[in-house]
Amino acid sequence: MTPPEDTLEQTTTTVDKKALIKEVLEVYPDKAKKKREKHLNVYEEGKSDCGVKSNIKSVPGSMTTRGCAYAGSKGVVWGPIKDMIHISHGPVGCGYYSWSGRRNYYIGTTGIDTFGTMQFTSDFQERDIVFGGDKKLAKLIAELEELFPLNRGISIQSECPIGLIGDDIEAVAKKATKEIGKTVVPVRCEGFRGVSQSLGHHIANDSIRDWVFPQADKKKKELGIEGSPYDVAIIGDYNIGGDAWSSRILLEEIGLRVVAQWSGDGTLNEMMLTPTVKLNLVHCYRSMNYISRHMEEAYGIPWLEYNFFGPTKIAESLREIASRFDETIQQKAEAVIAKYQAQCDAVIEKYRPRLEGKTVALMVGGLRPRHVVPAFHDLGMKLVSTGYEFGHNDDYKRTTHYIENGTLIYDDVSAYEFEQFVKELKPDLIASGIKEKYVFQKMALPFRQMHSWDYSGPYHGYDGFAIFARDMDLALNSPTWSLIGAPWKKS
Amino acid sequence: MAQNNVDNIQDHATLFHQDEYQELFQAKKEFEGGHSPEEVARIAEWTKTWEYREKNFAREALTVNPAKACQPLGAILAAVGFEGTLPFVHGSQGCVAYFRTHFTRHFKEPFSAVSSSMTEDAAVFGGLNNMIDGLANSYNLYKPKMIALCTTCMAEVIGDDLGAFIKTSKEKGSVPEDFPVPYAHTPSFVGSHITGYDNMMKGILSNLTEGKKQATTNGKINFIPGFETYIGNLREVKRLASLMGVNYTLLADNSDYLDSPNDGEFRMYQGGTTLEDAADSINAEATIAFQAYSTTKTREYIAAEWKQKTFVCRPVGIRGTDEFLMKLSELTGQPIPKELEDERGRAVDAFTDSQAWLHGKRVALYGDPDLVIGLVQFLLEVGAEPVHIVVTNSNEIFEQELQAILDASPFGSTAKIWGGRDLWHMRSLLFTEPVDLLIGNSYGKYLWRDTHTPLVRIGYPIFDRHHLHRYATFGYQGAINLLNWIVNTLLDELDRNTIVPAKTDISYDLIR
């Protein structure tokens, strides 16, 4: 008996894609090939994992898109805490390149009570490497206090040399905390630690655990709000293009009280309030699961992962969040879902016909390679491949809920591999990062940056979904793609 | 309601201005633990004062919003100007992700570079194994004609020796023995991106030209752009040289790499100075650099080792371009053609047409040393007055050179050079001694917001405006571009200031 046609087709796809992986790996020297083949696979339905190794050192000399621990701590977790000053401690470059690069929106007067789009650095010179930078750091903190008196605290983000020359930033931080009477957090996020920015997220979470929460425990009474049974915190939303706001508005509409946003548009006070909430709502699991687990253990606060990309997942998430509360909240959640139905219907009615059946290749950081997939599905689009820059094994397990049989999976994909895969799979849209964008646009392929929403956004929540749909349409259906190639060459 | 019109979907630019989001922001304040609006306003006013300025200028340890980056960024920009060249940064990989991102955001082009991905184990044992594997992998994967190596601060702190590592890697067969792997040590705690450019250019030229010295010259002139981010300038220099009938080698030409045509195919390597031409540059008549402070060591090397005359010409503005063309003519015996004389005349015509709007205008500017010198020359030519000149990656020789240029013009008398200062210093300067115009890169938009000083975006990086890097600032045509950007920014500002109906719009003139 012959299997039904679609199964056959899928099996063939799986076989073809496995052959493709093999072919792409051919160019590597043996040692690197052996390493890389463990990171590439084709997802087979029913399996509990994508079957790839992850969170392992990148192959030297292969063009990885990964960043470093500093990028994970300063660039992602700590940087968006808007009322603190984050010192890029070490040479000038790291702070310079991570200056205003992530579009973590905030409300505040920059340079006065808010510091999100500024670059503070100790600008290490040769003598600092030779003699150590601790004294300079102490002096720098005193200068910060004088010039930026409304800062609520300081974090010290270590660049590579700090750990290598053996500076004692913890001692400086302790002393400074006493002197200025504010929270000063040393963060050991030197770029050589770990294999990607992922360890930086973990280190940043640990520094919050060790340097912020103990202060919060002491100051509990001074923090100044009466607890309510509906208190929640948004954890792991960096407010790219305003994502956390278009999420927060929904949570508030269903009757919850969001007392903290981590870390987009967040403040130190909000961080300190978090151990009082009833439930932590985790969007970016990869970067903030550590602190959520800690709060569960230390304070007994449960946490819940949710996904606010696309109406299907938003409704599902709202219901699940509401299920942790009483009927009032549950009813309000239903009312909110119903309220936005018309808005979503209009968006889908307009954009789905333009996007139906289009295929997408994804490759992003540590959450979106799975989380945005349902938003594409809501628009009738289909995923052909996905992978993480710095996902871990648990991310690849979670990914199985989002993808279909035969999806190509690539972990820490190199520029070479990605290009070869795309050439073969011929997706209609690539959704990845700035370093990949122009490579694929030169190949006449529509592209959207899925780290930064390509300067658009927000993409979270119902309001964000409308923008997401509009943006996919403008990328895919731009007449500019049809201009590529001189007409006299086409005939 | 937020998205009540599917035909006019609101994104962040307008979405959050709506009432429901404004209420959300207001309500959020309850948890933020912020300062009172009065306190914020009081401190904000205080930061505009002379008292604050003095405190700000007294700082010794803190740098805020510096106008400089680190060495490897410059090194890899130099490298991609050579045919088929892959920049390879020895050290931790995050740096390369940052460099690639930074260039990509400015040029809106792919930028390929690899790293040896050093982690904790390399920090302890050194990065030799990373280099051996890294060279083999990048050679096989990306099929370069040359790999240009530089370091991050990590590799420098642990003391990795590039020369020895390359030798060992070649012995182990990572790349063929005769495969060019020039290198430069580029510690991030020394100098800035322009130092890195210089080190890498010197490294590449010394590697490629070794043993290539001939008895006679090849009759060519070498051009070295320096840390140049205006693709238009490279194209302009080539055009000028061709019009002059000058045989030249551009060391190195990254214009095709950083501004490649979209024809439906991605090519990792585009154009660039051929390795043969680069190797033969040792036999040129002379070398002209378009920047002094990003080519210092390279020029010293060329003078000492190649026994070649070197010159610095900055073809910015009328006189800068005159000098360049006359230098070319002097070195080659080629006359300056009528076509260029006409171009000059047209640029001068444009200058005289616009001068009334620029005369006596007070200007603040910041950027790399050579960029700033070119701009100052231009401003003095049109009768504008440089006032605050902030150069974070300054040095003494540069300051002397710039001071001499300022001293030679009556329009330079109000200028002060602020070497080693940053954009937070500039903020104080703009508040205490306001000017009519600010010139600098995209980071100036924060100064524009805070001080309302109109901003002309010139320099690197420019992230928030499109295509400026495609234009030239060099040559007579570049002078017209500069003039256009500057005078029209002032006219835009004049319109903005005279726009209120029945109040200020008496001066809202049609004809300017």
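Trainee: Which residue in E1(B) does A:Phe120 stand opposite?

Mentor: A:Phe120 stands opposite B:Val64, and this belongs to an antiparallel pairing over two bridges between strand E3 (residues 120-121) of chain A and strand E1 (residues 63-64) of chain B. Strands here are DSSP runs of E with at least two residues, helices are runs of H or I with at least four, both numbered from the N terminus, and two strands pair if DSSP finds at least two bridges between them.

Trainee: What should I keep in mind about the model and its numbering?

Mentor: This is a predicted model, in which local features need pLDDT of at least 70 and side-chain atom pairs count only at pLDDT 80 or more, while totals for chains, interfaces and linings use all residues. Residues are numbered from 1 along each chain as its sequence is written, chains are lettered from A and ligands numbered from 1 in the order in which they are written, and side-chain values use heavy atoms, with hydrogens and water left out.

Trainee: How many residues does each chain bring to the contact?

Mentor: Chain B brings 104 residues and chain A brings 116 residues, where contact means heavy atoms within 4.5 Å. The area buried between them is about 9400 Å², with 63% coming from carbon and sulfur atoms; buried area is the accessible area (1.4 Å probe) that two parts lose on being put together, summed over both.

Trainee: Which residues of chain B lose the most area to chain A?

Mentor: Those are B:Phe31, B:Tyr98 and B:Phe189, which together make up 8% of what that side buries.

Trainee: And how many salt bridges cross the interface?

Mentor: The rule, a side-chain nitrogen of Lys or Arg within 4 Å of a carboxyl oxygen of Asp or Glu, finds twelve between chain B and chain A. The side chains of B:Asp121 and A:Lys57, for example, meet in a salt bridge at 3.9 Å, N to O.

Trainee: Changing topic, what is the strand order of the open sheet in chain B?

Mentor: The four strands are ordered E7-E6-E8-E9, with parallel pairing. Strand E7 (248-250) and strand E9 (309-312) stand at the edges with a single partner strand each, so one side of each is left without a neighbour in the sheet.

Trainee: How many bridges join E6 to E8 there?

Mentor: Four bridges join strand E6 (residues 221-224) of chain B to strand E8 (residues 286-289) of chain B, and B:Asn222 has B:Thr287 as its bridge partner in E8(B).
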